[in-house]
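Me: I'm new to this one. Can you walk me through what stands out?
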Amino acid sequence: WQARPLAVVYAVVYLDAIHFHVRAEGQIVKKAVYIAIGLDMDGRRDVLGMYIGENESAKFWLTVLNNLKNRGVSDILIACVRGLTGFPEAINSIYPQTEVQLCVIHQISNSIKYVASNDHKAFMADLKPVYRAGSKEAAETVLDELEAKWDQQYPVLLQS
């Protein structure tokens, strides 16, 4: 399964890692399970691979991406990732034309840490309609409202 041929092109590939505590040689250690999920050009999802590493790093992701390339993936249109340092560069070294996009969930979790804790609930209530909008125009309208309300307190956050 881990060595099977893959599609030549994927519209979107989600690359993320989950961290677990496991028992190894009588001790509890932290391991990262790297997961690559692809959305092919017909809209079908496929788990492209799962890999175990010591901790999440762009260097290990590079080996994952090389493995995908060796299994037949010649292009990825959009790679959806978290904000790991060096990750976009690793992706573009293997797939130079790939658009690297920060995952919405990671974007929100990275952003919310810059909001004062007493503003979390209100800010998230105002942010949620942006991501739930039915069209780009509707999202832009709600985003304008969000900026009007929060830009004085969190201008750098709203730029991201």
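Reply: One term before we start. Buried means under 20% relative accessible area. Also, this is a predicted model.

Me: Fine. Are Phe123 and Trp150 buried or exposed?
Reply: Both Phe123 and Trp150 are buried.

Me: Now the aromatic pairs. How many are there?
Reply: The count comes to 6 aromatic pairs. One of them joins Tyr34 and Trp61. That pair is edge-to-face, at 4.8 Å centre to centre with 75° between the planes.

Me: Where do Tyr34 and Trp61 sit in the chain?
Reply: Tyr34 is in strand β2, residues 27-40. Trp61 is in helix α1, residues 58-70. They are 27 residues apart, and the pair links distant parts of the chain.

Me: Why does Tyr34 count as buried?
Reply: Because its relative accessibility is 0%. Trp61 is buried too, with a relative accessible area of 0%.

Me: And how are Phe123 and Trp150 arranged?
Reply: Phe123 and Trp150 form an edge-to-face pair. Their centres are 5.4 Å apart, with 75° between the planes. Phe123 is in helix α4, residues 120-132, and Trp150 is in helix α5. This pair also links distant parts of the chain, 27 residues apart.

Me: Back to Tyr34. Which residues do ring pairs link into a cluster?
Reply: Tyr34, Phe60, Trp61 and Phe87.

Me: Switching to charge. Which residues gather in a patch of negative charge?
Reply: Glu137, Glu140, Asp144 and Glu145, on the surface.

Me: Where is Asp144 found?
Reply: Asp144 is in helix α5, residues 136-150. Trp150 is in helix α5 as well.

Technical notes. Residues numbered from 1 in each chain as written. Predicted model: local features only at pLDDT ≥ 70, side-chain atom pairs only at ≥ 80, totals over all residues. Heavy atoms only, no water. Patch = residues over 30% accessible without salt bridge, like charges linked within 9 Å, V, L, I, M, F, W, Y side chains within 5 Å. Areas by Shrake-Rupley, 256 points an atom, 1.4 Å probe, with all protein chains shown as cover. Salt bridge = Lys/Arg side-chain N within 4 Å of Asp/Glu carboxyl O. Lys, Arg positive; Asp, Glu negative; His and termini not counted. Charge placed at Lys NZ, Arg CZ, Asp CG, Glu CD. Helix = DSSP H or I, 4+ residues; strand = E, 2+ residues; numbered from the N terminus. Phe/Tyr/Trp six-rings, centres within 6.5 Å; stacked < 30°, edge-to-face > 60°. Buried < 20%, exposed > 50% of the residue type's maximum accessible area, 1.4 Å probe, protein only.
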